[in-house]
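Q: Please take a close look at one part of this structure, the packing of helices against one another. A plain description is enough.

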Amino acid sequence: LHTAYRRQRQMCIRDRASVADLFREYIADQKRTNKRGWKKKENRLNQVLNGGVIPPALEAQKVTTLHIREALAQFIRRGAVAGSNTARADLHACFNFALHADNNPATLGASIRYGVTINPVTAIPKQVGAEKIGSRYLSWDELARLIKALTLPDTEKLIRPDVCRLLLLCLYTGGQRPWELMTNKHENVSDGILSIPEEISKTSNYHSVPLHANALEIIATQK
């Protein structure tokens, strides 16, 4: 049975996608599903292609763990240790995309696009300690001074008034992500609650945020 399955799988393979094809189609899927970090992912994947270790025309199914290891080593050698972890995550997601596309039961019998049977990134470890979480935080006095500076008259502010309002709104909503506030709409505010819809949420999860009176005042003045 396994032999017959392998034979059928090989017969289904047509036009095996190259690494460049895989990267491009993965990014297209990220854009289609409204993943807002797609541009940064695209830039990092292009860095991998431009590194010369993995030829863009190489079939995606022929990429090995050694290829990935050397490509990530290039990041580390130039001092971008944390960047190597981010690139690793992007590559891992990219090859998972290929695996899922080829092995979707709903498309059984269709031509296999990538021919990838394992994720070559899985065996590569992350660089432990590369992403250091800071231990410095604002004291209550510093926080009060920050809020005072952000609420000065517009003519006295050191930064743009709209940026000041955004920073204040982040504070007054308990640390909500700036993107989820600046792309939100007035219609998502009701009875003192701000709704964060799935399409702008980083985690693609709908959630609600209770609003302080100061936050409501900023929202009311923001057009």
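A: The axes of helix H2 (residues 19-32) and H5 come within 10 Å and cross at roughly 90°. Axes here are lines fitted to C-alpha atoms, for helices over the stretch in contact, with angles from 0 to 180 degrees between N-to-C directions. H2 and H5 are therefore roughly perpendicular to each other, a term for angles of 65 to 115 degrees. Helices are DSSP runs (H or I, at least four residues), numbered from the N terminus.

This is a predicted model, in which local features need pLDDT of at least 70, side-chain atom pairs count only at pLDDT 80 or more, and totals for chains, interfaces and linings use all residues. Residues are numbered from 1 along each chain as its sequence is written, and side-chain values use heavy atoms, with hydrogens and water left out.

From H2, Leu22, Phe23, Glu25, Tyr26 and Asp29 meet Asp90, Leu91, Ala93, Cys94, Phe95, Phe97 and Ala98 of H5; contact means heavy atoms within 4.5 Å. This contact of H2 with H5 has nine nonpolar, no polar and three charged residues. Nonpolar covers Ala, Val, Leu, Ile, Met, Phe, Trp, Tyr, Cys and Pro, charged covers Asp, Glu, Lys and Arg, and the others, Gly among them, are polar.

Helix H3 (residues 38-50) also packs with helix H5 (residues 81-102): their axes come within 10 Å and cross at roughly 95°. H3 and H5 are therefore roughly perpendicular to each other. On H3 the contact is made by Lys41, Arg44, Leu45 and Val48, and on H5 by Thr86, Ala87, Asp90, Leu91 and Cys94. These residues divide into five nonpolar, one polar and three charged.

Note on methods. Helix = DSSP H or I, 4+ residues; strand = E, 2+ residues; numbered from the N terminus. Parallel < 35°, antiparallel > 145°, perpendicular 65-115°, else oblique.
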